[in-house]
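Me: I am new to this structure and would like to learn how to read it. Please take me through it one feature at a time.

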Amino acid sequence: MRRLTKVLLGTGLTMFLFSCEEDHAVTELDKAQENTHIIQVTDHEGKPFDTGTNGSEQGRFTAGPGGGVMMQGFYWDVPAGGTWWETVEGKLGDWSTAGIQSVWLPPVSKAQNGPYSMGYDPTDYFDFGDYNQNGTVETRFGSKTELQSLISTAHAENMEVYADIVLNHNSGGQLEANQYTGTNTWTDFTGVASGKFLRSQHDFHPNWVHGGDAGYFGGFPDLCHDVPYVQDWLWNRSDGVAKYYKNTMGFDGWRFDYVKGFDPWVVAAWNNAVGGFSVGELWDSDVNWLESWANAANSSVFDFACYYKMNDAFDGNNLNILNDDMMWKRNPYKAVTFVTNHDTDEIWNKMLAYAYILTHEGYPTIFYSDYEEWLDKERLNNLIWIHNNKATGTTSILHVDNDEYVARRNGYNGNPGLIVYINNSSSWKTRWVPTNWYNIQIKDFTGHSSWYPTTQGGGWVQIQCPPNSYSIWSPNI
């Protein structure tokens, strides 16, 4: 439809001219309707990610319609000296207020490198910083009392706490003559200070059961999970590692380290025995392997396929790669997404990556250093709020090319969902997109755009996105 415009001429005459601006807009819309091919990425009931634990609902964190967010509560080589548990505890209130549901801690038990260890070389699973061994009483992170205080404070905030569990290998044992190798090996753990889970050559590969398993790590003694004694102490006994950590220490779930090193039935047996949230570190971009492992282990898995695709897409200036397969697309209820962790930090354009994982399905993870040191905390808090309150339902991709990516969360249980627009170019972009909202005003909840457009009767609307940034749209309610 053309618009009639009144023009006053210098002679006092008045002329009426027709403007073609609306015709131009209609043409753009017609083109968009003709060229938009919606890809329905996921197909399920629409429920948000569920960690499977029941919170007390006493703290400031309460799960929103979109679910929660995990915080990785450490980075590699956090300050030594036994202060880290106190540092994390001091941040829990702010994290809870920001919408963080859970905190993943580093391995909490005494390790070979004593006061300097990040915990991934475990010696005594039951020494939380209360026995004098490996050159220290406290761990690098603090004492057992301080750890228990952290967990108690988290629970008071209605937050969950996940323990990092190293089951593949041990370190810090004494030398013994090994009948299976004919050499001396560092496999004598019969003198650990806690007096629990005393191990010897019979509990490591090679041994009386078989010669090896899925993989050794770093030359450390490799635990044999087929030994009944090992199974008993790890997950079967009421005073074993899994049940002591959950029932006595109060952990709500598990991050399993280096699961390439042992078969997935080990994690499945652990989870079956003790329950709680579970995620495995299967460091591989092969989405088929990620999916098959998660199913066999009855566990979530870190979505390394998504991580590497985001790296290629955002840093390689080709957002078409976001069309590729990822674990969250296969099974969003078993995918834990992330942008950085303590082992790998390759993505340069992190805010675009966080905008992606915090608007898409799966269980998104925030890295401590990104949140507390490297990135804009307020922008991250905004994305966390959007995730918890707006990122609902299944996912549809509306448009993707080298520079632009537009996806829609289709809403669930009365929540309208959202549309995320990511722009990897150096200029402003606009695009007509189909929504699930009709004749309703929407807004960009990031504040990056000042537009307040109203959707048409058919649901179509024009939105914009600033350069090298993102906008996230939902009804203005």
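Me: What share of the contacts with a separation of 6 or more in the protein chain comes from residues 24 or more positions apart?
Reply: Contact means heavy atoms within 4.5 Å. In the protein chain, 64% of the contacts with a separation of 6 or more are between residues 24 or more positions apart. This is a predicted model, in which local features need pLDDT of at least 70 and side-chain atom pairs count only at pLDDT 80 or more, while totals for chains, interfaces and linings use all residues. Residues are numbered from 1 along each chain as its sequence is written, and side-chain values use heavy atoms, with hydrogens and water left out.

Me: How many helices and strands are in the protein chain?
Reply: Helices (H or I, at least four residues) and strands (E, at least two) are DSSP runs, numbered from the N terminus. The protein chain has 12 helices and 22 strands.

Me: What percentage of the residues is buried?
Reply: Buried means under 20% relative accessible area, with a 1.4 Å probe and protein chains only. Of the 477 residues in the protein chain, 56% are buried.

Me: In what order do the six strands of the open sheet come?
Reply: Strands of a sheet pair through backbone hydrogen bonds, either parallel or antiparallel. Two strands pair here if DSSP finds at least two bridges between them. The order is S3-S16-S17-S18-S22-S20, with antiparallel pairing. Strands S3 (39–40) and S20 (442–444) are the edges, each pairing on one side only.

Me: How many bridges join S16 to S17?
Reply: Five bridges join S16 (residues 395–400) to S17 (residues 404–409).

Me: At what angle do the axes of H10 and H12 cross?
Reply: Axes are lines fitted to C-alpha atoms, for helices over the stretch in contact, and angles run from 0 to 180 degrees between N-to-C directions. The axes of H10 (residues 350–357) and H12 come within 9 Å and cross at roughly 15 degrees. Angles under 35 degrees count as roughly parallel, over 145 as roughly antiparallel, 65 to 115 as roughly perpendicular and the rest as oblique. H10 and H12 are therefore roughly parallel to each other. Met351, Tyr354 and Ala355 of H10 make the contact with Arg379, Leu380 and Leu383 of H12.

Me: Which strands does H12 lie across?
Reply: Helix H12 (residues 377–390) lies across S18 (418–423) and S22 (469–475), at about 35 degrees to S22.

Methods:
Buried means under 20% relative accessible area, exposed over 50%, partly exposed in between (1.4 Å probe, protein chains only).
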